[in-house]
Every structure is written in C-alpha cells, then in structure tokens.
Amino acid sequence: MSEKTVTVPNISCGHCVKTIEREVGGLPGVGAVQAEETSRRVTISWDPERTDWVAIEDHMGDIRYPPAD
Amino acid sequence: MSREMDVPVTGMTCANCVATVERTLQRVDGVQEASVNFATERARVSFDGDDHVRDELLDRLEHAVEEAGYGLIRPRGEDDGDGDAEADARAAEIAHQRRAFLVGAALAGPLFLLSMARDFGLVGAWAHAPWVNGLMFALATPVQFYVGWDYYVGAWKALRNGAANMDVLVALGSSVAYGYSVVVMVALWMGSSAAGDHVYFETAALIITLIKLGKLLEVRAKGDASRAIRELMDLRPETARVVRDGEIHEVELREVEAGDELLVRPGERVPVDGEVVEGRSAVDESMLTGESLPVEKGPGDEVVGATLNQDGALRMRATRVGRDTALSNIVRLVQEAQGSKAPIQALADRVAAVFVPVVLVVAAGTFLTWWLVVGAGFTPALIRLVAVLVIACPCALGLATPTAVMVGTGKGAELGILFRSSEALERAHELDVIVLDKTGTLTRGEPAVEEIVVAEGAVVGTDPGGDAGAPDRTRELLRLTGAAERRSEHPLARAVLAEAEDRGLDLPEPEDFQAVPGRGVLATVEGRKVVVGSRRLLEGEGVDPSGMDHRVEELESGGRTVLWVATDGRVAGLFALADALKEESAEAVASLRERGLRVVMLTGDNQATAQAVASRVGIEEVRAEVLPDQKAEAVQAFQEEGAVVAMVGDGINDGPALARADVGMALGTGADVAMEAADVTLMQGDLRTVPRALRLSEETLRTIRQNLFWAFAYNAVLIPVAAGALYPVESAPEMLRSLHPILAALAMAFSSVSVVGNSLRLRRREL
C-alpha cells in the first residue's frame, strides 16, 4: 500500500471532510482516507497495483477539493 | 415535458456544501438538472414525469442527500414546502391525545359505574359473578396499555435520569392496581381468594383517563410557536423588479442576487437589503426600529428588506439577500430564542418528585413490617403493599393544574389578557425584572404636536400687520398648516391634523396640493402659498429659513422632530412633534415597582430622549441605543444574572426579545409578529393590565397549589390506613382495619370534586 498526506485548502467544514472521505474512499483501489477539518490535511492510502496518485488527484479536482501543490 | 420543483435542503454550512449537494442531486436517477442556492437553502430540481414520478424521485433524493450528510425537507404537494412541520406536529399531538382520551373515557366510564354500583350494592348479585371481573379486565386493558402508553414511556425516561415525576407515579400506581387485579381475578377463577377478593381495574383506568384529560387540556392550551415565524416571512414581498440589461424583469425573491439593481415603487416593500442608487423617498422602518416616523432615504443610504417604501420610487442595489438580510436575522433570533426557553418543571412534577420516593419507602416498610416483624405471611404483606401503592396514586392529580390553568386563562381573556401557554401563566408571578420597550409601549408610538412656534413678524393672520394676540396667531398658523396637510398621509401631517381637530378648527380645502417625497408638501390655501416640511424643502422653494435655527436646535434637543412652515415665501413658524407618553404609563410603572419588580426601559433611541421619557414615567434604569438585534441579548443578560425576566413590547423588532424573555408580553395594539412571539397578549394595549396579569398568575398558582393539596390529601390520609396502622385497634371498624376498596373509591371521588370546585372559585377572585 502507498500512502500520501496532502493539504486541501478548500476544506471549510465538517461536511467537506465527510465528502472527501466518502468520494475518495469510494474509488477502486483506495484504502483508508482520513481528512481533518482544522488542519485541512488529508491522508490517503491506496493499492498501487489497482490505481495511482494521478487518478486520485484528478478525482479530487472533480469534486472540487483539489490538493495544494 | 420537463417539470421543476423546489426542495429545501438543511445542514449546508459552506459554499463547498452547495457543490456537494448539487453533485449528489445530479447523480440521482431521474434528475435532469439540479441547482442549489446556499442563501435560501433550497434546491431546484428539474425532472420529467407526473406526481407519482415526483414522489418516487423525492424518496431517492431524500436518501441520497441524507447519505451525503445533509437533510432534505419534503415539499407537500405543489406548495413549495416552507415547512409548517411544527404546526403539523402540534395538530398531530392534539389529535393523538384526544383519541387516547376518548378511548379512555368510553371504556373507563362504564367500568367506573359498574364498579361503583357493585361496591355500594346498587345492583343485584349478578355483579359478583366471576365473569364480571372478566368484563372489567376487558374494559381496563386497552386503557392501561393504549391510553396509558405515554406514561410508561415518560416514566421510563424519567427513571433513566434518576428522577421521579408525575408519569412515574401514574405508571406505577395504575400498573400496580391493574396487575394486582389481574392476579386476584385469575386466583378467584381458580377458586382461591388468597390474594384478596376485590379488583381495582376501575382505579387504574380512571387514573389514566383523568390524567389524560388534563394532558389534552394542556396541549390544546399550548401556543403555536411557528406562527411568529410565518408572520415574519409574510413581511417579505414575493417578487422583486430587477433591472437587467436596461430592462425590468419581475422575478421571484429568491432569484435576486447580491449586486442586482432593483426598482421599488411607492407603497411597496423593499425586497432585500441594499443601498439606494437613485431616487428619494421616505421609508417606514418601524419593523426594524419600532420608530413610527418614516426615514428619509436618498442615494447612498442603506435600505432594509421588508421595510415599507412610502412616497417615492427608489432604485437600489441589493447587498444582502436570502438568509443574510436583517429580516432573516430577526427570524433566526426568534427561532433561537423560542428554542432556548427552558421548560419550567410543572408544579405537579415537583410534588411528585418528593411524593413518589416517600410512597415507595412507606410501601416497602409496610411490606417488610407485615412480613418480617408482624409475621403475617408473604401474601398478606404483599396485599398491604399493593394497597399502599394503589391508594397513594391520586386521580385528581392530572386535573389539578389544567383546570386551574383553564379557569385562569378564561378569566384572563375576560380582562383582555390572553395567555398563550400555561407555562407563562405559571411563571408570571415569580418575575424579578420587567423590561419595557419605549416606543409604542410606554409611548403612543406616533407623533403628536407638543409645541407650535410662530415666527416673529410672520404674516399669518387674515389681517396682515394687524395686532392679533399670540393665541390667535398660533391658531391661524395651525389652520393654514392643517389645510395644507389635509391630503397628506404622512404621520407628521396626521399629527398636525389631529391637533387642529382637538382645537376645533375648521380647515379650508387646499386649492392645489403637491407632496414632495420625503420632504413635505406644497399647497395653496385661501390664495396663499404654503410650504410645510423639512428645512431643505423650504430652501428649495426659495425661502430663507436661517432666522429660526436657534429655536430649532432647542426644540430638537429633547428628541423632538421639527416641521417647518412657510407662507408666501417667508418662514411662518415651527411645529415641534414628539412621541407622546401614554397617560397610563406612569401609573402602570408605579404599580409594578410597588410589587418589588425591577423596572427597566429598553429603547433604540438616544440616551437623552430615553432619559427624558424614563423620568416622566418613573423608571430609573434605562438601556438606550440598543439595536434591534441586541434587545434579545439585553433580556438574556438579565437572565444570566439569575433573574426571571418579562419583556413588554409591541413591535416586530421586539419579537426576538419577547420570545427570549421568560414571559413575553405583547400589546394587542402592536404588530402581529410581536403577539405571535410573545406568551401573553394584552388586548387593550393598556400597560395597566400588566400588573393585573401578574396578579392573575399569582392567584392561579395559589389555586394550583391548593388543588395539589386536595388531590393528594384524601389519598395521603388513607395511606396509613392502607399500611394497616389501624389494624391493631380492634374497636375500629373492619373497613378501616384492612383498607376497604370503597375508601379508595371515595378518596378518588372527593379529591376530584374538591379540585374542580376549587378551580372554579378562581373565577370569582378579585384582581
């Protein structure tokens, strides 16, 4: 499993956290997703054989929570 | 064909939420398009199909939105579903209680008659046949578990919190009576009378039914909290005229966005908060400030949604829409305040909290004494225990509060005092602080002429240059001004007309008349050109007003408004107008202070004006320059000091404070919103009814206390009998040595009659 922690500046409330966890967590190959409201940090683990970071990042953009560079 | 519907969505806290909900809705099967407005908290969904399709779609939408962590409120039918959920819930509660009571009465009534007839030997021997117990069981069982279900639920909740309330007493007492009766009935069928030979089904059923009646009376008396909100919402116009690309479009209010340019015609309500771009008019902002005098608005001035534009057309730019407007703010404050009000624990519950544990201890003691000390055996000891519990449960308990409250509110209504909740009636006697709004409450809320100044050398008399006396010159000035103002609807004009009428003046018809929006009027009266209005209006008409400025300053310093009058191009005089005190204010304040209440005046007005009014009515404590949304906070501040606070007000702007106060009292002469937000309405708008309302509360409370005494007294007296205290006294009648069921029946009847009779006495009490 690979893991990455990114900052998502768009997080502004508890709903955002839930949305990210649900949406990203629902992608094929993605394991645990942990988002935090105050620090705006999201930790995502995924199975590199089934998906890759680019796909995850793309999806985060689609749901309007793109990670900061 | 594509259709659209509007669905309220709850729980959105930020702009991202809007995107999330939109995406969620768009993904739902059958949705063609979905857009969400954050400000109005509504989603607009387009779809294709009939009502049946819509209902199914709503199911899916509701599911999806909830999954995403938000809420969706289903619109009812075609209505856009502003959600009268609260009113619906209340109606359902009343219907539920009524149904339960009717079922209880239909079954308990015959049961009671049958049982009484049997106990007192009024019917034949057939009544003692075993099947009669079966019939009683059949009548009592639905009452016990259908009608009485709420008590089990309530008792369970109370016990879980470690408290004993009325529900516990009712559930316990009735269950013991019922359960014991079942045991006796079955034992008798099996030929054993070891458990006793008398059933108490009617006791259980009657207790539950009578207390249910009390509950029904109570929920019916409860005020409808959501009405205040509805009244507020109704202040908003439904549509607005938006200028887009130079064209005027009439759009629904929720489609207005910040930055839109809007047109407001004379007589219309301002749709949203904004800033005047063009035009000039007077706007009635009494909704916000309570002040009846319209405020002059021109380019750059702020206007507030739902205030009433009076005489000129305005072009404005929307700055705040939807939930950000001042009106929405008031709505929110009222909602919060209504939700924050802690329910006071009913007196009956407080009594029960002491009574229940005592009864339990006595019952347990009785059982242990008979079983272990006296050695009477387990079963006889158990029968004693049951007797204590059954006799302790007072039927009349449920009637004690509601009957007194009913008679109290009825008497209040005769006096013009409408109590909307029994809590308010119970609470009004224990007030510490009473907060009075100034405008419209202590004062009349409309301007009246206080002083008329005739300019030196002014030509007012019919005899120019003549030496008419000062009173005549004043009358002549009033006559000319009144004539010029005859056609005007402005509150200041009406005040001048009222003054002229008071002095019995005959006003001539003006020959021509022109109202200048926000400034005054121009008219020709008996051939003379009369200008009445602001200093600016006079200047605009070429009149030099500077000679009177020193007087104006003096007149305005007392919080008065000055109206200028010019005739034939020269200043003729000044009218000083102010919000006049109500005659009864001082008397009412004195009477409240006599009761030991801390009387406080609350107003948005400046300190000087407020102080002037306060000293005239005898109030020492003044909170001036309080913004409308701070009124509720001021009330809360007193509450945080531990005081029980009443608020008396009349305006829409008083709504949140009225809802926040422990007892909100609205004057019947004021805004509907105020009355809906308040607990008490004083119909005549007379402040002197406030002390009477407090006395009524006191008397009602006293009656409730007496009722509770009577409800418990007969039963409590019989508890020692039930416990077997008289058993050793061999000379005592058998009926007292072992509690006879007739005694329980008599206690029940006497306490109910005493309670109802005592409540009715309240009617004749002097206030």
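The accessible surface of chain B in this predicted model comes to about 33400 Å², and carbon and sulfur atoms hold 53% of that area; accessible areas come from the Shrake-Rupley method with a 1.4 Å probe, and for residues only the protein chains shown count as cover. Residues are numbered from 1 along each chain as its sequence is written, while chains are lettered from A and ligands numbered from 1 in the order in which they are written. As the model is predicted, local features need pLDDT of at least 70 and side-chain atom pairs count only at pLDDT 80 or more, whereas totals for chains, interfaces and linings use all residues; side-chain values use heavy atoms, with hydrogens and water left out.

Chain B has 767 residues, and 53% of them are buried (buried means under 20% relative accessible area, exposed over 50%, and partly exposed in between, with a 1.4 Å probe and protein chains only). Its secondary structure consists of 27 helices and 26 strands; helices (H or I, at least four residues) and strands (E, at least two) are DSSP runs, numbered from the N terminus. Of the contacts in chain B with a separation of 6 or more, 67% join residues 24 or more positions apart, a contact being heavy atoms within 4.5 Å.

Chain A, with 69 residues, has 41% of them buried. Two helices and three strands make up its secondary structure, arranged along the sequence as β-α-β-β-α. Chain A exposes about 3800 Å², 44% of it from carbon and sulfur atoms.

Next come the aromatic side chains. Over all chains, the structure holds 17 aromatic pairs. Rings of Phe, Tyr and Trp (its six-membered ring) pair if their centres lie within 6.5 Å; planes under 30 degrees apart count as stacked, over 60 as edge-to-face and the rest as tilted. One of the pairs joins B:Trp149 and B:Tyr152, and it is tilted because the planes stand at 50°, with the ring centres 6.1 Å apart. Both residues belong to helix H5 (residues 149–160) of chain B, three residues apart, or about one turn of the helix. B:Tyr152 is partly exposed, at 23% relative accessibility. The rings of B:Phe367 and B:Trp371 also form a tilted pair, since their planes meet at 35°, and their centres are 5.5 Å apart. These two lie in helix H11 (residues 347–373) of chain B, four residues apart, again about one turn of the helix. B:Phe367 is buried at 12% relative accessible area, whereas B:Trp371 is partly exposed at 36%.

B:Trp149 and B:Tyr152 also belong to one aromatic cluster, together with B:Phe137, B:Phe145, B:Tyr178 and B:Phe201. Elsewhere, the charged end of B:Arg384 sits over the ring of B:Trp370, 4.4 Å from its centre; this asks that NZ of Lys or CZ of Arg be within 6 Å of the ring centre and within 35 degrees of the ring normal.

On the surface, B:Phe120, B:Leu122, B:Val123, B:Trp126, B:Trp131, B:Leu135, B:Leu746 and B:Phe750 form a nonpolar patch with about 800 Å² of accessible area together. B:Phe120 is found in the loop between helix H3 (85–119) and H4, and it is partly exposed at 38%.

Key. Patches are made of residues with over 30% relative accessible area and no salt bridge: like charges are joined within 9 Å, nonpolar side chains (Val, Leu, Ile, Met, Phe, Trp, Tyr) within 5 Å. A salt bridge is a side-chain nitrogen of Lys or Arg within 4 Å of a carboxyl oxygen of Asp or Glu.
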